[in-house]
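Q: Please pick one part of this model and go through it closely. Which residues surround it, and how does it sit in the rest of the chain?

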Amino acid sequence: PDPEEPTAHRAIRPPKEPLEQIVASVWSEVLGLDEIGLDDNFFALGGHSLHAVQVCGRLERTLRTPVSVRQLVEQPTVDNLARRLRADSSDVRRLDQIAAVVMQVRQLSPAERAHRLGDTSEATKEKYGDDH
C-alpha cells in the first residue's frame, strides 16, 4: 500500500481512554504515522506481519499483559483491539491502572521523569540541568 494514501482523506476519531491512547501511540511509532484514530485499521494503514509482531511486543512490555498477533489480526482497529485486551484480561482494573500510569509518565518531560524517579546521575544533570 501507498504509505501516504491511508491518512490522506480520513476522519479521525481520537482515542480518549488511556488504553486506547497507548495502542494508538504504539501503532504510530511502529508505522511512522502522526495520527491514529479509533477506527483506523492497522493493515489498511500499511501494517504487515513484522509490524504486528513489533506492536504486540511493545504493547506487552508497556501494559504488562499478553498481546498476541492473533488478537491484532482479529481486531485490527484501535477501538476493537483495546476492547479485546480488556475482554481477555484477567484483571481489567489492573490493566486500566497500568495504562493510566503509563500515559501520565509519557506526558512528563525527560527532566521531570528523571527527577521523579530520583535519577541524580551526572549524565542526567548534564543533559537536563541541576534544577531537575
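A: A polar contact is a pair of N or O atoms within 3.5 Å; within protein, one must be able to donate a hydrogen and the other to accept it, and residues adjacent in sequence count only if both atoms are side-chain atoms. The model is predicted, so local features need pLDDT of at least 70 and side-chain atom pairs pLDDT 80 or more, while totals for chains, interfaces and linings use all residues. Numbering runs from 1 along each chain as its sequence is written, and side-chain values use heavy atoms, without hydrogens and water.

The protein chain has eight helices and zero strands (DSSP runs numbered from the N terminus: H or I of at least four residues for helices, E of at least two for strands). Of its 132 residues, 38% are buried (under 20% relative accessible area with a 1.4 Å probe, protein chains only; exposed is over 50%, partly exposed in between).

At 1.5 Å a residue, the 14 residues of helix 2 should span 20 Å, and the end C-alpha atoms are 20 Å apart, which agrees (the expected span is 1.5 Å times one less than the number of residues). Helix 2 is largely enclosed by the rest of the structure, because ten of its 14 residues are buried. Among them are Glu20, Ile22, Val26, Trp27 and Ser28. The buried residues of helix 2 pack against helix 3, helix 4, helix 5 and helix 6. Just after helix 2, Gly32 takes a positive phi of about 70°.

The largest nonpolar core holds 29 residues (buried Ala, Val, Leu, Ile, Met, Phe, Trp, Tyr and Cys joined through side-chain atoms within 4.5 Å). Helix 2 gives the most to this core, with eight residues. Ile22 and Trp27 are among the residues that touch the most other core members, as are Val55, Leu59 and Leu85. Beyond four places in sequence, Ile22 is in contact (heavy atoms within 4.5 Å) with Leu59, Thr62, Leu63, Ala99, Val102, Met103 and Arg106.

Helix 4 (69-74), one of the packing partners, contains Gln71. Gln71 is buried, with a relative accessible area of 7%. A polar atom of the Gln71 side chain lies 2.7 Å from the backbone nitrogen of Ser68. Leaving out residues up to four places away in sequence, Gln71 touches Pro66, Leu81, Arg84, Leu85 and Asp88.
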